Amino acid sequence: MYWLKFTSLGLLCLLISCWSALAKLEERFSWKQLTFDWPSPQAEAEAKASGHYIEENNLPLGLERWQNKIFVTVPRWKAGVAATLNYIDLSSTEKSPRLRPYPSWEDNKLPIEVQPQEQKTPSGGRLDAEKASDASVELQNNSTIISTFRIQVDVCDRLWVLDTGLADILGNPKQITPNSILVFDLKTDKLLRRFTIPADQTKADTFFANIVVDSDRSECDNAYAYVPDLGAYGVIVYSLRNDKSYRVKHNFFHFDPLQGDFNVGGVNFQWTDGVFGLAVGPMNPDHSKDIYFHALASTKEFKVSNRVLQNESHVTTGDSYYDFKYVGDRGMNGQSTAEVYDPETGVIFYTQVNKDAIACWNIKRPYTPDNQGLIDSDSHTLVFPNDMKIDNEGTIWVLSDKMPTYLYKELDPAAVNYRILMGKNRDLIKGTPCEM
């Protein structure tokens, strides 16, 4: 009996050891609850007392890396979010470092009071939330950021921020400012541009939560941003040179009604989120690029040439319908929040929220389930991998945040809820169908 117990214990240890060897993503930072680098202890105490900082209401969602900074966004889902755009110094040796507002505390301060109230998260989360009331605020400072979900750094050392202008989304939502695109010079931390998306390019159900930048170092002024509207199924195309945007619609931007059921971290919910994940592919021989995209409530991938998206007179008419191409299907439970193309390996990395996983696809292979590589899956550390980026050193950065539990139940403040993980691109695809 003793020998049996010893053997079972040894086998268990062996299995744990093998599992650990296969866990390719390394946990770089983690938090039970987010903390911030306040100007002083008194400032933090006052923010807590006034309801301007409610620890459990601060959920990280988007991330990006530039040099020694890891940017982290904290959308204002609920009242009490301290700062919506923040960064961590990568030289920090702390496991749970305090977030530093970017570009400053002042730029993350709400221009109106948003008082905390009894939480009443709708059964459908964002989908069933009340419509936002118009607060009609004129900003005193153009670099003020109300609430951002996703951000991106481009090859010209600029940080692009999509500001929804929304606060207290799940409570008493207020549209403090219109949806806007902000562009910061990361070398000086100065605002270069603030562009307000015209009201006639939004719909009643519009929800902007992502921004992807298409730019080349040789033509920094000719950059474009693509902003998917996951709620009203469209894409806003913005030209930096022309300081102008327009709305593109297509059937492929809609969700798949058979893929709207999710089970994440013990929470079952149904979403109808449309186009969300986008990735800018490599330069083609004709100097065009393919823009890959998919809806969140879907397992299908599509693409369209950036030349099509950037041709306003063509893409805003029905003549462009067949320029959008079906790429393939990821297979069962392949719903994804984010994707990113890695020029070094020719691989698109993407999240798989129903599988607590990160996966990959080499764009030189057919887009079939057999050619999708599962590079890491963990029901402990990868519960709702919400965003991912790849830096110019070939490092993949992933943020997981248990968002369904935050939206529909209640996070355990004594448990680790939020993580930033990292891994090297070539190590992650080794032994998968993504390795050529």
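A cavity here is a set of points, on a 1 Å grid over the protein atoms alone, where a 1.4 Å probe fits but cannot get out, and its lining residues have an atom within 4 Å of a point. Welcome to this predicted model, where local features need pLDDT of at least 70, side-chain atom pairs count only at pLDDT 80 or more, and totals for chains, interfaces and linings use all residues. Residues are numbered from 1 along each chain as its sequence is written, and side-chain values use heavy atoms, with hydrogens and water left out.

**Cavities**
- Two cavities of 30 Å³ or more are found in the structure.
- The second largest cavity has a volume of about 40 Å³, a volume being the space filled by probe spheres set on the grid points, which are joined across faces, edges and corners.
- Around the second largest cavity you will find V235, F253, L278, I291, F293, V304, L309 and F324.
- That lining has eight nonpolar residues, no polar and no charged (Ala, Val, Leu, Ile, Met, Phe, Trp, Tyr, Cys and Pro count as nonpolar, Asp, Glu, Lys and Arg as charged, and the others, Gly among them, as polar).

**The largest pocket**
- A pocket is an open set of points with protein on both sides within 12 Å along at least five of seven lines, and the largest one holds about 1000 Å³ of space.
- It is lined by 41 residues, and the closest to its centre are Q152, V153, D154, V155 and I390.
- Strand β19 (275–283) is among the elements that give two or more residues to this lining, and β19 gives the most, with six.
- By type, the pocket lining divides into 18 nonpolar, seven polar and 16 charged residues.

**Helix α2**
- Helices (H or I, at least four residues) and strands (E, at least two) are DSSP runs, numbered from the N terminus.
- In α2 (residues 41–50), A43, E44 and A47 are buried, meaning under 20% relative accessible area, with exposed over 50% and partly exposed in between (1.4 Å probe, protein chains only).
- Seen down the axis of α2, the buried residues fall within an arc of 100 degrees, so they line one face of the helix; the arc is that of the directions from the helix axis to the C-beta atoms.
- P41, Q42 and A49 are exposed on the other side of α2.
- After α2 comes G51, with a positive phi near 85 degrees.

**Nonpolar cores**
- A nonpolar core is a set of buried Ala, Val, Leu, Ile, Met, Phe, Trp, Tyr and Cys residues joined through side-chain atoms within 4.5 Å.
- The largest has 48 residues, and W77 and I420 have the most contacts inside it.
- Elements supplying at least two residues each to this core include α2, α5 (403–408) and β29 (418–424).
- A second, separate core has 21 residues, including Y224, Y246, F252 and V308.
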